[in-house]
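Subject: Structure handover

Hello,

Here is the structure you are taking over. Please open it first, then read the notes below.

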Amino acid sequence: MGTKKNNKNIIAWLRFGAKYKFYAIVLSIIIGAIFFIGFLWKQNDYAIKAETTINQKIDITPSEIRSIQDIGQWEFLHVSTEELVDTIREHFLSNDRLTRIYYGSIRLGIDLKKFDPKQTKVANDTLFATLPPIEILDPNIIDEARTRAFIEEGNWNAADREMLYEQAKHKILQRCLTKNNLQVAEENAKTQLGNVFKAMGFKVVVIKIEKNKLTNK
């Protein structure tokens, strides 16, 4: 009787051990599957993040180019001055004299209609842009409505007044088109247009302005 009972106990333990081993194998498979799925999820998440990083490259769009060109003339420095110009015509007994005061102003800026998108380059979040040169936006630099005759003795015709006008224009250009004024206009242009490009999403903006043909003759 004792031997049969012992055999039953041994069989029971063997059956329990077999079941435990089966459950352990199943549990191991489940845990392994969970880790494998987690690994794949992390790999997929990393790939998505990497792809997102690559797609974050900023570029200047055709609509943004048009919006810049539509700005047209943008003034970056306004310089005003006045010039007294005179001329004397000598005669045997007397002299004719014409002295006039001219008020002039020069608007220095860039005509953005001339902006060429081919002169821009994008590298990640940095924009390199070459802009049109600083120029005089309005060729009518003398305010003729404010021109006053200071001295007018003798007879002077329209040609004489035109000659004096050209002298005044030359002096105003000479006084206003200084190297310092041109540099100030360029720096203002780089700052303000740099802010425009940064508003488009570029973190770093490097602006170069074409050399102008303005001279202070």
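From the N terminus on, the elements run α-α-β-β-β-β-β-β-α-α-β. That comes to 4 helices and 7 strands. Helices (H or I, at least four residues) and strands (E, at least two) are DSSP runs, numbered from the N terminus.

This is a predicted model: local features need pLDDT of at least 70, side-chain atom pairs count only at pLDDT 80 or more, and totals for chains, interfaces and linings use all residues. Residues are numbered from 1 along each chain as its sequence is written, and side-chain values use heavy atoms, with hydrogens and water left out.

The chain has 217 residues, and 28% of them count as buried. Buried means under 20% relative accessible area, exposed over 50%, and partly exposed in between (1.4 Å probe, protein chains only). The areas come from the Shrake-Rupley method.

Salt bridges

The count comes to 4 salt bridges. Each is a side-chain nitrogen of Lys or Arg within 4 Å of a carboxyl oxygen of Asp or Glu. Side chains of opposite charge can pair when their charged atoms come close.

- R107 and E75 meet at 2.7 Å, N to O. R107 lies in strand β2 and E75 in strand β1 (residues 73-90), so the pair ties together parts 32 residues apart in sequence. R107 is partly exposed at 24%. E75 is also partly exposed, at 31%.
- D86 and R97 have their closest N and O atoms 3.1 Å apart. D86 is in β1 and R97 in β2, so this pair ties together parts 11 residues apart in sequence. D86 is partly exposed, at 32%. R97 is partly exposed, at 32%.
- E135 and K114 meet at 3.1 Å, N to O. E135 lies in strand β5 and K114 in the loop between β2 and β3, so parts 21 residues apart in sequence are tied together. E135 is buried, at 19%.

Aromatic pairs

There are 3 aromatic pairs. Rings of Phe, Tyr and Trp (its six-membered ring) pair if their centres lie within 6.5 Å; planes under 30 degrees apart count as stacked, over 60 as edge-to-face and the rest as tilted. One of the pairs is Y102 with Y165, edge-to-face, 6.4 Å centre to centre and 75° between the planes. Y102 lies in strand β2 (residues 95-111) and Y165 in helix α3, so the pair ties together parts 63 residues apart in sequence. Y102 is buried, at 1%. Y165 is buried too, at 14%.

Surface patches

Patches are made of residues with over 30% relative accessible area and no salt bridge: like charges are joined within 9 Å, nonpolar side chains (Val, Leu, Ile, Met, Phe, Trp, Tyr) within 5 Å. D143, E144, E162 and E166 gather in a patch of negative charge. Asp and Glu count as negative, Lys and Arg as positive; His and the chain ends are not counted. A charge is placed at NZ of Lys, CZ of Arg, CG of Asp or CD of Glu. E162 is found in helix α3 (residues 158-176). E162 is partly exposed, at 43%.

F128, V204 and V206 make a nonpolar patch of about 220 Å². V204 lies in strand β7 (residues 204-209). V204 is partly exposed, at 39%.

Loops

N124 has a positive phi of about 60°, although it is not a glycine. Most residues other than glycine have a negative phi. N124 is found in the loop between β3 (120-123) and β4 (126-131). N124 is exposed, at 60%.

Best wishes

Methods:
Accessible areas come from the Shrake-Rupley method with a 1.4 Å probe; for residues, only the protein chains shown count as cover.
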